[in-house]
Amino acid sequence: MLEASNCRVHILEIDAELFKNWLTIHKERAFRSNQIFGWITGKRAEFFAEMTNLPKQLRLDLQSEYEIWSTTVERYQKAEDGTEKLLLRLKDDNVIESVLLREGSRRTICISSQIGCAMGCAFCATGIDGVERNLTKGEIIEQMLRLQLLLKKDERLSHIVVMGMGEPLANLENVLLALNFATSETGLGISARRITISTVGLPNGIIKLAELNLSYNLAVSLHAPNDELRNRIVPANRKIGIEKLLNAADYYFSVTGRRVTYEYVLLSGINDRPEHAKQLSGLLKKRNSLLNVIPYNPVNGLPYQTPDNVTIRRFRQILESEGINVQFRKRKGDKIDASCGQLRRLSQV
Ligand code: SAH
Ligand code: SF4
């Protein structure tokens with residue numbers, strides 16, 4: 001006999017209007033939809049049986065036709081700095097990573113958008129085996145809810161960064177559907193201004209996102225100040241070029257008014273020399289942007305290393321003396337391999 005769970009529909013996947021139709025068929029009124037989603041998001045219910053203000057028959061019907069969770073938690077890790085990481089196993093047996101970071105009153109989650117990534121950045125664990133598929137809307141939302149379950153009752157998710165595995169602009173439709181859930185009042189009610197989409201820099205995707213004018217923050221993973229070097233470490237650049245990328249990012253800023261962040265992962269001996277800092281200053285000087293410099297988190301099997309402190313300080317001094325708005329981020333969760341794609345790789349070896 002086929003197990004009931006195999007036929008159930010993932011409730012986080014479905015459209016609210018379709019769900020209202022289902023309620024009508026079951027002789028229930030539309031407001032139940034908000035009640036049910038309120039239980040899942042606001043009250044953090046894990047089972048339909050907990051939804052005590054629903055009629056018993058409705059709870060039973062929901063239980064037999066829908067499921068709240070499509071993933072299972074394969075592994076949970078907590079670092080000394082409080083960073084928590086989940087490795088989630090999906091229905092098709094693939095695994096993805098999602099992270100919760102605690103900083104002061106902030107509760108930031110870092111979520112994945114794809115299984116693997118097609119962009120092939122030389123230093124990144126996610127891109128090593130290419131892309132398997134896009135994550136669905138429901139799988140992206142489920143990461144948010146699974147991470148929310150790690151919070152204490154009086155804590156709330158405050159920020160979302162789409163900086164986990166995958167290239168979000170290569171799965172823009174599902175990412176936007178999931179973020180719409182994150183911002184909506186019947187979803188998580190998180191302001192779009194507290195949500196950041198990080199991209200390798202696909203100009204068409206950036207322009208599309210700008211035109212939707214949704215107030216999300218955009219982070220562009222630049223990592224190199226000239227095309228020769230960027231072509232080497234970020235192969236997607238070969239067909240794009242830094243100029244086209246920066247023009248698209250400028251357009252994003254001009255349409256949305258949201259200041260763009262540039263990400264720059266420092267790789268020892270590769271992109272960390274004084275001339276790189278000077279070139280980078282030249283690119284960003286006239287732009288109203290923020291530069292985030294991140295020390296590399298070494299990946300097993302890849303030859304890249306974190307620069308030493310003297311090199312990092314020298315790099316920083318040049319940018320600061322050029323008046324660049326720069327911040328050097330601490331590495332959070334490095335002991336639990338919290339960088340993109342690292343835990344998943346460990347699970348494969
Ligand atoms: N694909 C998107 C989002 C996921 S990667 C992007 O590239 O922006 C999120 C960020 O982590 C990117 O800036 C990426 O370059 C960086 N990153 C990847 N591997 C890393 C590592 N081992 N150490 C530090 N940062 C890393
Ligand atoms: Fe993909 Fe981002 Fe990793 Fe590059 S850094 S391979 S774009 S996930």
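User: What joins strand 6 (residues 106–110) to strand 9 (residues 159–162)?

Analyst: The two strands run parallel and are joined by 3 bridges. Two strands pair if DSSP finds at least two bridges between them, so 3 bridges meet the rule. Within this pairing, Thr 108 stands opposite His 159 of strand 9. Helices (H or I, at least four residues) and strands (E, at least two) are DSSP runs, numbered from the N terminus. The model is predicted: local features need pLDDT of at least 70, side-chain atom pairs count only at pLDDT 80 or more, and totals for chains, interfaces and linings use all residues. Residues are numbered from 1 along each chain as its sequence is written, chains are lettered from A and ligands numbered from 1 in the order written, and side-chain values use heavy atoms, without hydrogens and water.

User: In what sense does strand 9 pair with strand 10 (residues 195–199)?

Analyst: That pairing is parallel, over 3 bridges. Val 162 stands opposite Ile 197 there. Strand 9, helix 6 (residues 172–183) and strand 10 also make a right-handed β-α-β unit. Right-handed means that, with the strands pointing away from the viewer, the path from the first strand over the helix to the second runs clockwise.

User: Why are both faces of strand 9 called covered?

Analyst: In a regular strand the side chains alternate between the two faces of the sheet. His 159 and Val 161 on one side, and Ile 160 and Val 162 on the other, are all buried. Buried means under 20% relative accessible area, exposed over 50%, and partly exposed in between, with a 1.4 Å probe and protein chains only.

User: Why is Ser 158 called buried?

Analyst: Its relative accessibility is 10%, and the limit is under 20%, so the residue counts as buried. Ser 158 is found in the loop between helix 5 (137–148) and strand 9.

User: What does the side chain of Ser 158 make with the side chain of His 159?

Analyst: A polar contact, at 2.8 Å. The term covers a pair of N or O atoms within 3.5 Å; within protein, one must be able to donate a hydrogen and the other to accept it, and residues adjacent in sequence count only if both atoms are side-chain atoms. Side chain meets side chain here, so this contact counts. The side chain of Ser 158 also reaches the backbone nitrogen of Arg 107, at 2.8 Å.

User: How many residues of strand 12 (260–266) are buried?

Analyst: Strand 12 has 7 of its 7 residues buried. On one side these are Val 260, Tyr 262, Tyr 264 and Leu 266, and on the other Thr 261, Glu 263 and Val 265.

User: Which strands does strand 12 pair with?

Analyst: Strand 11 (residues 217–221) is joined to strand 12 by 3 bridges, in parallel; Ser 221 stands opposite Glu 263. Strand 13 pairs with strand 12 over 7 bridges, also in the parallel sense, and Val 265 has Ile 294 as its bridge partner. The crossover from strand 12 through helix 10 to strand 13 is a right-handed β-α-β crossover.

User: Which residues come nearest to ligand 1?

Analyst: Gly 166, Ser 198, Ser 221, His 223 and Asn 297 come nearest, out of 20 residues around ligand 1. To be near, a residue needs one of its heavy atoms within 4 Å. A polar side-chain atom of Ser 221 lies 2.5 Å from an oxygen atom of ligand 1. For His 223, a side-chain N or O atom is 2.6 Å from an oxygen atom of the ligand. The protein covers 93% of the 530 Å² of accessible area that ligand 1 has on its own, by the Shrake-Rupley method with a 1.4 Å probe.

User: What makes the Arg 287 and Asp 250 pair a salt bridge?

Analyst: The N to O distance is 2.8 Å. The rule asks for a side-chain nitrogen of Lys or Arg within 4 Å of a carboxyl oxygen of Asp or Glu, so the pair qualifies. The count by this rule is 18 salt bridges.

User: Why is Asp 93 called exposed, and what is Arg 89?

Analyst: Asp 93 has a relative accessible area of 52%, so it passes the over 50% limit for exposed. Arg 89, at 24%, counts as partly exposed. These two residues form a salt bridge, with the closest N and O atoms 3.5 Å apart.
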